[in-house]
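Please look over the entry below before reading on.

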Amino acid sequence: MNPMFYFLLALTAVLAATTNAMPAVLDVNGDVMFGGSSYYVLPAIWGPTGGGLNLSSLGDTQCPLYIQKEESEVERGIPVKFSNWMPKVWFVPESQNLNIEMDVAATICVQSTYWWVAPSNLPIMTFWIAAGPKPEHGEDSSRSFFQIKKTDEFHRGYKITFCSGDGGCDDVGIARDANGVARLAVGSEPFPFVFMKASEAETSPKTMSII
Ligand SMILES: *[C@@H]1O[C@H](CO)[C@@H](O)[C@H](O)[C@H]1NC(C)=O
């Protein structure tokens with residue numbers, strides 16, 4: 001297609017992102033994030049806080065898979081894609097309900113990999129995030145809507161929150177399961193992330209100089 005078209009598209013997006021009351025989420029390079037692209041979700045602090053996100057079984061049951069956080073900072077894991085926000089904008093908006101999907105070709109569980117808040121298993125009240133089918137409108141939205149919110153402490157750092165139907169949001173952080181595996185869980189201390197565009201990550205070695 002005409003390169004001018006892309007230029008205008010990008011310009012429109014930047015203008016919309018900077019002049020609107022609704023800010024766009026920016027990746028670690030300061031670029032506006034879009035729904036069609038995939039992004040690694042990495043700790044805002046490089047080093048001991050580990051790497052990106054992956055999928056793995058929790059406990060004895062193989063499926064569904066749950067979101068896991070890599071221990072090593074060199075593992076970027078699996079990137080995510082954002083979708084399904086209400087405002088008619090091309091960019092990923094801050095503080096709006098949206099769905100998050102692991103951008104992976106196939107898993108042993110042969111189903112989509114959208115984030116869902118799993119019901120907790122008593123006696124341990126931990127709300128893990130599982131990978132599951134594409135959420136449908138209606139009842140599904142109460143367990144599959146997340147928001148990305150800016151954190152002030154970190155440059156281009158964001159936290160992810162889970163927003164149930166009643167308007168309230170709870171922070172998504174890291175908790176360890178019975179086997180000591182770090183996983184995303186709702187209701188934990190907020191964990192600050194940065195987003196790195198997946199296609200750039202392979203070619204650009206400088207992208208990890210976050211702070
Ligand atoms: C996810 O974890 C599995 C099992 O540890 C590993 O084999 C795989 O390479 C990881 N995937 C990515 C994309 O890092």
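This is a predicted model: local features need pLDDT of at least 70, side-chain atom pairs count only at pLDDT 80 or more; totals for chains, interfaces and linings use all residues.

Mentor: Residues are numbered from 1 along each chain as its sequence is written, and side-chain values use heavy atoms, with hydrogens and water left out.

Trainee: How are the planes of Trp-115 and Phe-146 arranged?

Mentor: Rings of Phe, Tyr and Trp (its six-membered ring) pair if their centres lie within 6.5 Å; planes under 30 degrees apart are stacked, over 60 edge-to-face, and the rest tilted. Five aromatic pairs are counted by this rule. For Trp-115 and Phe-146 the centres are 5.5 Å apart and the planes stand at 85°, so the pair is edge-to-face.

Trainee: Is Phe-146 buried or exposed?

Mentor: Buried means under 20% relative accessible area, exposed over 50%, and partly exposed in between (1.4 Å probe, protein chains only). Phe-146 has a relative accessible area of 0%, so Phe-146 is buried.

Trainee: Which kind of pair do Phe-146 and Phe-162 form?

Mentor: Their ring centres are 5.7 Å apart. The planes of Phe-146 and Phe-162 make an angle of 55°, and the pair is tilted.

Trainee: Which residue lies over the face of Tyr-158?

Mentor: A charge sits over a ring if NZ of Lys or CZ of Arg is within 6 Å of the ring centre and within 35 degrees of the ring normal. Ring pairs link Tyr-158 with Phe-82 and Phe-195 in a cluster. At 4.8 Å from the ring centre of Tyr-158, the residue over its face is Lys-150.
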